[in-house]
Amino acid sequence: MKDIGNWRHICVDAQRMFIEDTPWNVPWMKRVLPELLEIAQHHAERTIFTRFVPPVRAEDAFGSWKEYYRKWWMMTGEHLPEELIGLAPSLQKLVPPARLYDKTTYSPWIDGKLFTHLHLEGATSLVVTGGETDVCVLTTVLGAIDLGFHVIVLSDAVCSGADETHDAAIDLLGDRFSVQLQLIKTEEFLSAIS
């Protein structure tokens, strides 16, 4: 593994609304929780948990997000129990020292706050875990690359609701971004930083 310098762990959207019985359930999320927990509990001070936060009502959303939330009306704040926005309980116990970053889009980079925070801390590399590989993880990774971070995706600690697009996203990241990104397993990463 390359020297990763001053790294931070971004755990993408490991929330109850993706773990529990909702229309957005991601069955794989339960399978990768042990890896997410292992990294986060040993390095909680370096961990940032992103949370995807829907608007209260579809009409509160901007642009094409309105139509998105008209389709997924049951996942808006007026219908979804607020506690389902929260992290998996085992991960929530790590906050603080782990931190939360709420976002209203797939990407955590839109408002510039997360980048500014990481830049002020001198972070040079980001270790990315969570879900979904082909949506929020993908936008997190591509944005991080655009912003100049070296990215490490832990391939056994990301998940999706669809095997085919998960595999395609992993292949895309490994094939097209090999200079700026490493795909490795959790155990290899933890061994390298211990």
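Visitor: Which residue of E4 is the bridge partner of Val12?

Guide: Please note that the model is predicted. Strand E1 (residues 7-12) runs parallel to strand E4 (residues 125-131), and 6 bridges join the two. Within E4, Val12 has as its bridge partner Gly130.

Visitor: Which strands stand at the edges of the sheet?

Guide: The sheet is open, its 6 strands pair in parallel, and their order is E3-E2-E1-E4-E5-E6. A strand at the edge has a single partner strand, so one of its sides is left without a neighbour in the sheet. The strands in that position are E3 (99-103) and E6 (181-184).

Visitor: How far apart are the end C-alpha atoms of helix H7?

Guide: Helix H7 comprises 14 residues, 163-176. At 1.5 Å a residue, H7 should span 20 Å. The separation in the model agrees with this: 20 Å.

Visitor: What arc around the axis do the buried residues of H7 cover?

Guide: The buried residues in H7 are His166, Ala169, Ile170 and Leu173. They lie on the same side of H7, because the arc they cover around the axis is only 95°.

Visitor: Which exposed residues does the opposite face of H7 carry?

Guide: The cover over the buried residues of H7 includes helix H2 (28-42), helix H6 (136-146), E5 and E6. Turned away from that buried side is a face with the exposed residues Glu164, Asp175 and Arg176.

How values were computed:
Residues are numbered from 1 along each chain as its sequence is written. This is a predicted model: local features need pLDDT of at least 70, side-chain atom pairs count only at pLDDT 80 or more; totals for chains, interfaces and linings use all residues. Side-chain values use heavy atoms; hydrogens and water are left out. Two strands pair if DSSP finds at least two bridges between them. Helices (H or I, at least four residues) and strands (E, at least two) are DSSP runs, numbered from the N terminus. The expected span of a helix is 1.5 Å times one less than its number of residues. Buried means under 20% relative accessible area, exposed over 50%, partly exposed in between (1.4 Å probe, protein chains only). The arc is that of the directions from the helix axis to the C-beta atoms. Contact means heavy atoms within 4.5 Å.
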